[in-house]
Amino acid sequence: MKKSLLNLLGPGILFAGAAIGVSHLVQSTRAGADFGFGLLWALLLVHIIKYPFFQFGPRYATATGETLLDGYKKLGKGVLISYFILNIATMFTIQAAVTIVTASLASNLFGISFDLVTWSVLIMFVSIVFLGIGKYKFLDNLMKYIIAILTISTIVAVNIALFKTNKGFSFQQIVPSGTAQVTFLIAFLGWMPAPLDISIWHSLWSVEKNKTTFEKIKPKQAIFDFNVGYIGALFLGVCFVMLGALVMYQSGESFSSKGTIFASQLINLYTKNLGEFSSVFIGVAAFTTMFSTTITTLDASPRAMEKSSNLLFPKKRKLNYWFWLVLLMFGTSVILYYFLSDMVFLVRIATVLSFLTAPFYAILNYILITGKHTPKKHRPGIGLRILSLVGIVFLFGFSIWFLLSL
């Protein structure tokens, strides 16, 4: 029974691996450091609001045997073209933001003084080698261990921080004001727990998971797998906010925009509470977490671009997975070369872009899962439909609020 349950978990854990990265290690920790516990409302609310749109990915894939991209094409070729253009416009920045944080942690952990562009290229090259050797099964198995390591180390760190803190703290919630604070809030919401286009990746992984199992995965099983990953991402998001609040809030310290300095500060969040002996262990946990995000992103974006380009241009020469993978690595390297000096700015661009494109994916996923292309028995109930409509209004409203506050 335990073995079958472990084998069932897969795409949901990959979702968690992609989600628990910049949004948690960087954005959540900064939220705690700058606002204390004041943004917990935003963390919880965005998980509730985004939940149905993420869930519709595995729900549609297991109900139909198709990816969301197949469904988008059924909604109209223009829809798929819009996705193709949006993904081209954002995938390099997203990969760059993820990879530069990973490179910063690698530099801190291994103590090798390569510049961060060199580290980033090396990390992407190693990731490509792993993907070439292990493919989906490698990702599926690796992520279960990485998430377990991070969860245990984070829980220990938070508990020790709670016992060792001498300062009082307030749970009064804060609504940010002013351009800088509102921009941070939008960036925080943009990648918390992840950009909405990861629902497309999840559907791709779900279809791939079915190819590696002898028994077809049912929608209920896929939703259970998703819920495990989603709740895990929420839990760790709260933990990182708590760490930032307990260790750095009102301490006079602030996070640097320089990658290597930020990495040192991040590791110190743990070592201040666990002791210096833990620095290597925590460094490994943080690095492997970001490495998992880097490798899942490197796998998913080319997978999505290969699928969408094949759907759009079936009679043309196919641009396969490896073409898009090499292009993504090259484009990411170019962006890092020009924006290396300010890691925080790079992360902010990626997260804000993700938030502003979220309503597009939310509407498409809702129309697809409630329409004729999804079997009636697998369509969401009235409660999830209402939550979806509320979520769409929320995402549009926050986007407009942000644009007006600039």
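Which residues of helix α5 (residues 68-75) are buried? The answer is given in point 3, after the basis of the values and the overall fold.

1. Basis of the values. The model is predicted, so local features are given at pLDDT of at least 70 and side-chain atom pairs at pLDDT 80 or more, while totals for chains, interfaces and linings use all residues. Residues are numbered from 1 along each chain as its sequence is written, and side-chain values use heavy atoms, with hydrogens and water left out.

2. Overall fold. The protein contains 15 helices and zero strands; helices (H or I, at least four residues) and strands (E, at least two) are DSSP runs, numbered from the N terminus. Of its 406 residues, 59% are buried, where buried means under 20% relative accessible area, exposed over 50%, and partly exposed in between (1.4 Å probe, protein chains only). Among contacts (heavy atoms within 4.5 Å) between residues at least 6 apart in sequence, 86% link residues at least 24 apart.

3. Helix α5. The buried residues in α5 are L68, L69, D70, G71 and Y72. After this helix comes G76, with a positive phi near 140 degrees.

4. Helix α4. This helix (residues 40-64) comprises 25 residues and spans 37 Å from its first C-alpha to its last, close to the 36 Å expected at 1.5 Å a residue; the expected span is 1.5 Å times one less than the number of residues. A bend of about 45 degrees occurs at Y51, and the proline P52 follows within four residues. The bend at a residue is the angle between axes fitted to the seven residues ending there and the seven starting there. Of the 25 residues of α4, 20 are buried. G65 follows the helix and has a positive phi, near 80 degrees.

5. Helix α6. With 34 residues (77-110), α6 reaches 48 Å between its first and last C-alpha atoms, close to the expected 50 Å. A kink of about 35 degrees is centred on T90. Just after α6, G111 adopts a positive phi of about 65 degrees.

6. Cavities. There are five cavities of 30 Å³ or more. A cavity is a set of points, on a 1 Å grid over the protein atoms alone, where a 1.4 Å probe fits but cannot get out, and lining residues have an atom within 4 Å of a point. Grid points are joined across faces, edges and corners, and a volume is the space filled by probe spheres set on the points. The largest cavity has a volume of about 110 Å³. It is lined by 15 residues, of which A18, V98, W191, P195 and T293 are the closest to its centre. Helices α2 (11-19), α3 (22-35), α6, α9 (198-212) and α12 (279-312) each contribute at least two lining residues. The lining consists of 11 nonpolar, four polar and no charged residues; Ala, Val, Leu, Ile, Met, Phe, Trp, Tyr, Cys and Pro count as nonpolar, Asp, Glu, Lys and Arg as charged, and the others, Gly among them, as polar.

7. Two individual residues. S309 lies in helix α12 and is buried, with a relative accessible area of 4%. Leaving aside residues up to four places away in sequence, S309 touches F84, L319 and W324. L234, in helix α10 (residues 219-247), is partly exposed at 23% relative accessibility. With residues up to four places away in sequence again not counted, L234 touches L43, L44 and H47. The C-alpha atoms of L234 and A16 are separated by 9.5 Å, although the two residues are 218 residues apart along the chain.

Key: On a 1 Å grid over the protein atoms alone, a cavity is a set of points where a 1.4 Å probe fits but cannot get out, and a pocket is an open set with protein on both sides within 12 Å along at least five of seven lines; lining residues have an atom within 4 Å of a point.
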